Amino acid sequence: MQHAYNEAISAWIADEVPIGAVVVHDENIIASAHNKTRTQNDPTAHAEMIAITIAANHIGDWRLNECKLFVTKEPCPMCSGATIMSRIGEVHFSFEDPKMGGLGGAISLQSLELSNHKPKIVKGTMQEECRSLLQAFFQIQRLGSQKS
């Protein structure tokens, strides 16, 4: 999770929402990314989506059954869907997102009855650090918009 946190800091430096993600396979990081929605002008350029694509290319298969995704905040419904579709074995995230979380915070895509893949979910790793980073980013963003 520390590496995902470092990616989140890189996102902040790039004026992106500070969320980072890494994919681990056989205890090795095979993909890492941070949000790039603003720099790429792409609403799908979330850290998780980018990391999943890199991991699939690294492995040479879209099935990431033996992989673990580590992300600094609960994935949104789009990213949660991608974790299910790519068959990632485990998803570790720091804290739940009650407004837009797709793995239990707002809705739970993993509980789709017809889905034959349900990743293991692990919550809470580096929760305070990741939550504080995201909250500080948005506080600064709000202060900047008030000055304009």
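This is a predicted model: local features need pLDDT of at least 70, side-chain atom pairs count only at pLDDT 80 or more; totals for chains, interfaces and linings use all residues.

Tutor: Residues are numbered from 1 along each chain as its sequence is written, and side-chain values use heavy atoms, with hydrogens and water left out.

Student: How many residues does the largest nonpolar core have?

Tutor: A nonpolar core is a set of buried Ala, Val, Leu, Ile, Met, Phe, Trp, Tyr and Cys residues joined through side-chain atoms within 4.5 Å. Buried means under 20% relative accessible area, exposed over 50%, and partly exposed in between, with a 1.4 Å probe and protein chains only. V23 and L64 have the most contacts inside the largest core. That core has 36 residues.

Student: Which element supplies the largest share of this core?

Tutor: Helices (H or I, at least four residues) and strands (E, at least two) are DSSP runs, numbered from the N terminus. The elements that each supply at least two residues of the core are α1 (2-13), β1 (20-25), β2 (28-34), α3 (47-59), β3 (67-71), β4 (90-93) and α5 (127-147). The largest share, 6 residues, comes from α3.

Student: Which residues does L64 touch, not counting residues up to four places away in sequence?

Tutor: Contact means heavy atoms within 4.5 Å. With residues up to four places away in sequence not counted, L64 touches I52, A55, A56, I59, S86, R87, I88 and G89.

Student: At what angle do the axes of α3 and helix α4 cross?

Tutor: Two packed helices are described by the angle between their axes and the distance between the axes. Axes are lines fitted to C-alpha atoms, for helices over the stretch in contact, and angles run from 0 to 180 degrees between N-to-C directions. The axes of α3 and α4 (residues 77-85) come within 9 Å, and they cross at roughly 20°.

Student: Why are α3 and α4 described as roughly parallel to each other?

Tutor: Angles under 35 degrees count as roughly parallel, over 145 as roughly antiparallel, 65 to 115 as roughly perpendicular and the rest as oblique. The axes of α3 and α4 cross at roughly 20°. The two helices, α3 and α4, are therefore roughly parallel to each other.

Student: Which residues of α4 meet α3?

Tutor: On the side of α3, the residues are E48, M49 and I52. By class, the contact has 5 nonpolar, 1 polar and 1 charged residues; Ala, Val, Leu, Ile, Met, Phe, Trp, Tyr, Cys and Pro count as nonpolar, Asp, Glu, Lys and Arg as charged, and the others, Gly among them, as polar. The residues of α4 are M78, C79, A82 and T83.

Student: What covers the buried residues of α4?

Tutor: In α4, the residues C79, S80, G81, A82, T83 and I84 are buried. The elements that cover them include α3, β3 and β4.

Student: Is A31 buried or exposed?

Tutor: A31 is found in strand β2. Leaving out residues up to four places away in sequence, A31 touches A21, V22, V23, A51, I54 and A55. The C-alpha atoms of A31 and A56, 25 residues apart along the chain, are separated by 9.0 Å. At 3% relative accessibility, A31 counts as buried.

Student: Which residues does N65 touch, not counting residues up to four places away in sequence?

Tutor: N65 has its place in the loop between α3 and β3. With a relative accessible area of 37%, N65 is partly exposed. Setting aside residues up to four places away in sequence, N65 touches S86, R87, I88 and G89.

Student: What is the phi of D15?

Tutor: D15 has its place in the loop between α1 and β1. With a relative accessible area of 42%, D15 is partly exposed. Although D15 is not a glycine, its phi is positive, about 60°.

Student: Is N41 buried or exposed?

Tutor: N41 lies in the loop between α2 (37-40) and α3. N41 has a positive phi of about 55°, although it is not a glycine. At 72% relative accessibility, N41 counts as exposed.
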